[in-house]
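Student: Can we go through this model together, one question at a time? Please show me the sequence and the structure before we start.

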Number of protein chains: 2
Amino acid sequence: MRQDNRLPRVLHALLHLSDMKDPATSEQLAGMLNTNAAVVRRTMAGLREQGILTSIKGHGGGWQLAKTLDQITLAEIYEALGAPTLFALGYSNESSPCLMEKAANAATARALQKASETFIGILSSVTMADLADDFEKRLAELGLTQDDLHHTGPQDS
Amino acid sequence: MRQDNRLPRVLHALLHLSDMKDPATSEQLAGMLNTNAAVVRRTMAGLREQGILTSIKGHGGGWQLAKTLDQITLAEIYEALGAPTLFALGYSNESSPCLMEKAANAATARALQKASETFIGILSSVTMADLADDFEKRLAELGLTQDDLHHTGPQDS
DNA sequence: AATCATGTAACTTTTAATGTTACGTGATTC
DNA sequence: GAATCACGTAACATTAAAAGTTACATGATT
């Protein structure tokens with residue numbers, strides 16, 4: 001399959017959403033994520049069902065966070081995306097009578113299982129607020145503040 | 001991309017190889033792995049370069065183990081396959097100026113990195129001899145012995 | 001009533017492993 | 001030394017699932 005970029009994309013989108021007062025339309029988010037509005041709607045659908053986001057139709061509508069950042073773990077988000085296949089590496093699930101194949105598959109499965117547990121464990125320990133902190137750290141490293149992103153300066157009309 | 005089954009396949013093939021006196025042809029291995037001889041040659045090429053297998057051309061030729069099973073870790077094999085992409089999940093590598101995207105990518109990368117370390121760590125701790133042991137355990141559970149696989153019984157000519 | 005924005009279905013594109021075919025090269029056998 | 005066997009490798013087709021795209025229905029606002 002093609003590489004699955006939904007998780008980092010959604011994280012990116014949520015950071016932007018947390019930074020906006022008004023709802024963001026799928027079109028706006030698509031611009032930020034360099035993709036298409038339909039992809040945004042499709043990807044975010046799971047987060048809406050999970051209660052992480054709300055979507056509003058009509059004029060002034062769009063997407064909004066339904067929780068504060070510190071209430072959203074990355075694991076929740078991953079789950080809300082449908083817990084998509086983590087590995088490009090796999091093994092045949094068809095039950096073969098060959099015991100050597102079974103042993104080979106079992107060894108592969110054990111390693112993948114442990115790796116998956118590590119992955120989910122880390123996602124569970126990180127919240128969107130941690131990402132926002134990381135974002136602000138990066139801002140500060142450039143000598144900027146949050147404000148610098150929202151207006152062009154005092155000379156602005 | 002499609003799922004990558006090379007690792008479990010090679011493990012399976014090596015177990016069969018360890019069980020044979022004569023070299024196994026690509027054709028024979030392809031039969032065991034339910035695939036094609038060309039796929040076998042292509043997949044095994046890396047293991048030959050890595051010194052895990054030797055291949056012999058001509059009459060009576062084929063593939064043979066170049067080491068004993070306890071000298072082969074799964075990590076070596078994974079490396080010999082070219083350390084193929086482990087994850088179906090990824091993130092855009094294109095450097096975007098957006099610090100929110102950077103934060104999102106970094107968080108994803110950290111989780112993937114740790115998962116990868118877990119995976120490689122386990123592969124490093126397991127040898128093909130461990131797989132052979134597992135195979136024999138499975139055999140015993142069926143009330144069979146190694147011998148049962150190699151002849152049809154005492155009445156056999 | 002017009003417009004905006006989501007909801008969703010249907011289809012195309014993309015990408016890398018896998019499958020397939022073909023042919024070259026080296027080794028063995030007779 | 002010619003035929004055959006088996007690997008080595010290139011070139012192309014197939015496959016699968018995310019992503020991209022298009023289109024249209026539905027609901028909310030003005």
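Student: Which backbone nitrogen does the side chain of Glu76(A) reach?

Tutor: Some ground rules: this is a predicted model, where local features need pLDDT of at least 70 and side-chain atom pairs count only at pLDDT 80 or more, while totals for chains, interfaces and linings use all residues. Residues are numbered from 1 along each chain as its sequence is written, chains are lettered from A and ligands numbered from 1 in the order written, and side-chain values use heavy atoms, leaving out hydrogens and water. Glu76(A) sits in helix α4 of chain A (helices, H or I, of at least four residues and strands, E, of at least two are DSSP runs, numbered from the N terminus). At 2.9 Å, its side chain reaches the backbone nitrogen of Thr73(A).

Student: Which residue forms a salt bridge with Glu76(A)?

Tutor: A salt bridge takes a side-chain nitrogen of Lys or Arg within 4 Å of a carboxyl oxygen of Asp or Glu. Glu76(A) touches Ile52(A), Lys67(A) and Gln71(A), leaving aside residues up to four places away in sequence (contact means heavy atoms within 4.5 Å). With the closest N and O atoms 2.8 Å apart, the salt-bridge partner of Glu76(A) is Lys67(A).

Student: Is Asp134(B) buried or exposed?

Tutor: Asp134(B) and Arg138(B) are both in helix α6 of chain B, 4 residues apart, about one turn of the helix. Their side chains meet in a salt bridge at 3.1 Å, N to O. Under 20% relative accessible area is buried, over 50% exposed, and in between partly exposed (1.4 Å probe, protein chains only). Arg138(B), at 22%, is therefore partly exposed, and Asp134(B), at 14%, is buried.

Student: How many salt bridges does the rule find across the interface of chain A and chain B?

Tutor: The structure holds 8 salt bridges over all chains. One of them joins Lys114(A) and Glu117(A), with the closest N and O atoms 3.8 Å apart, and both residues lie in helix α5 of chain A. Across the interface of chain A and chain B, though, the count is 0.

Student: Which element gives the largest share of the side of chain A that touches chain B?

Tutor: Here 48 residues of chain A are in contact with 48 of chain B. The two chains bury about 4,300 Å² between them, 72% of it on carbon and sulfur atoms (buried area is the accessible area, 1.4 Å probe, that two parts lose on being put together, summed over both). α1, α4, α5 and α6 of chain A each give two or more residues to that side. The largest share, 19 residues, comes from α5(A).

Student: Which residue does Gly51(B) touch besides Lys67(B)?

Tutor: Gly51(B) is in the loop between α3 and β1 of chain B. At a relative accessible area of 30%, Gly51(B) is partly exposed. Not counting residues up to four places away in sequence, Gly51(B) touches Lys67(B) and Ala66(B).

Technical notes:
Polar contact = N/O pair within 3.5 Å; in protein donor to acceptor, adjacent residues only side chain to side chain.
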